[in-house]
Amino acid sequence: MSKEPKSQLGENEDRDDGEVVGGKLKYVKGDLFSCPATDALAHCISEDCRMGAGIAVLFKKKYGGVDELLAQKKQPGECAVLKRSDRFVYYLITKKKYSHKPTYQTLRQSLEAMKAHCLDNGVTGLSMPRIGCGLDRLSWDKVSVMIEEVFQNTDVAITVYVL
Ligand SMILES: NC(=O)c1ccc[n+]([C@H]2O[C@H](COP(=O)([O-])OP(=O)(O)OC[C@H]3O[C@@H](n4cnc5c(N)ncnc54)[C@H](O)[C@@H]3O)[C@@H](O)[C@H]2O)c1
């Protein structure tokens, strides 16, 4: 596995096995969907559940469930969830419409909602891309710290996949 420049990954320790660990987050270079089948997955979407661009398109193709998600009537700052096989798939609702941009505040609230669901349901492994930091233009330096803060003092192991 090739290695990402550390500057793109934050303050991490590069290990011999190609994985990079830093605080609560572990980084793996590669496709998110190559993660262990038992890991829960997380990504960001809008309240309208459009999922017409970015990695959300892949989630829609793989897991469907748009009607099921819309029926949950989750708003920005909340988190919708699907159960697929033995895993939960989390949809962090960070904005109202697909054309909007999220705020750090709604992302934090959505992460808190996801954490609550993880703790209530015994989730111990969670994989995600660099959420909010592609099309949604947030800063990974800030978002990674936020994820660490929200999940500190939990046993949820978080892996971030970076292409
Ligand atoms: N028309 C629309 O529906 C529309 C419009 C704007 C944004 N979006 C989408 O984008 C928003 C989310 O933005 P975002 O910045 O959180 O997500 P994103 O930009 O889709 O992806 C976040 C990060 O993941 C990376 N990535 C992409 N594929 C993979 C993969 N297979 N494995 C690992 N990493 C990967 C991507 O390069 C980026 O750095 C949501 O609203 C979503 O629906 C949709």
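**View 1. Helix 4 and its packing partners.** The buried residues of helix 4 pack against strand 4 (40–46), strand 5 (78–84), strand 6 (87–95), strand 7 (125–128) and helix 5 (140–151). Contact here means heavy atoms within 4.5 Å. Helices (H or I, at least four residues) and strands (E, at least two) are DSSP runs, numbered from the N terminus. The buried residues in helix 4 are Thr 106, Leu 107, Ser 110, Leu 111, Met 114, Lys 115 and Cys 118. Buried means under 20% relative accessible area, exposed over 50%, and partly exposed in between (1.4 Å probe, protein chains only).

This is a predicted model: local features need pLDDT of at least 70, side-chain atom pairs count only at pLDDT 80 or more, and totals for chains, interfaces and linings use all residues. Residues are numbered from 1 along each chain as its sequence is written, and side-chain values use heavy atoms, with hydrogens and water left out.

**View 2. Helix 4 from end to end.** Helix 4 covers residues 104–120, which is 17 residues. At 1.5 Å a residue, helix 4 should span 24 Å. The expected span is 1.5 Å times one less than the number of residues. The end C-alpha atoms of helix 4 are 24 Å apart, so the two values agree. Gly 122 follows helix 4 and has a positive phi, near 65°.

**View 3. Helix 2 and its buried side.** Helix 2 takes in residues 55–63, and its buried residues are Ala 56, Phe 59 and Tyr 63. They lie on the same side of helix 2, because they cover an arc of only 55° around the axis. The arc is that of the directions from the helix axis to the C-beta atoms. These buried residues pack against strand 4, strand 5 and strand 6. Just after helix 2 comes Gly 64, with a positive phi of about 50°.

**View 4. His 43 in strand 4.** His 43 is part of strand 4. Its relative accessibility is 0%, so His 43 counts as buried. Leaving aside neighbours within four places in sequence, His 43 is in contact with Met 51, Ala 56, Phe 59, Tyr 90, Tyr 91, Leu 92 and Ile 131.

**View 5. Val 150 in helix 5.** Val 150 sits in helix 5. Val 150 counts as buried because its relative accessibility is 2%. Not counting residues up to four places away in sequence, Val 150 touches Arg 108, Leu 111, Glu 112 and Lys 115. Ser 99 is 51 residues from Val 150 in sequence, and 27 Å from it in space, C-alpha to C-alpha.

View 6. Of the 24 residues around the ligand, Gly 52, Ile 55, Gly 132, Gly 134 and Leu 135 come nearest. A residue counts as near if one of its heavy atoms lies within 4 Å. A polar backbone atom of Gly 132 is 2.6 Å from an oxygen atom of the ligand. For Asp 136, the distance from a polar backbone atom to a ligand oxygen atom is 3.0 Å. For Cys 133, a backbone N or O atom lies 3.3 Å from an oxygen atom of the ligand. On its own, the ligand has 840 Å² of accessible area, and the protein covers 83% of that. Accessible areas come from the Shrake-Rupley method with a 1.4 Å probe; for residues, only the protein chains shown count as cover.

Definitions and conventions
A polar contact is a pair of N or O atoms within 3.5 Å; within protein, one must be able to donate a hydrogen and the other to accept it, and residues adjacent in sequence count only if both atoms are side-chain atoms.
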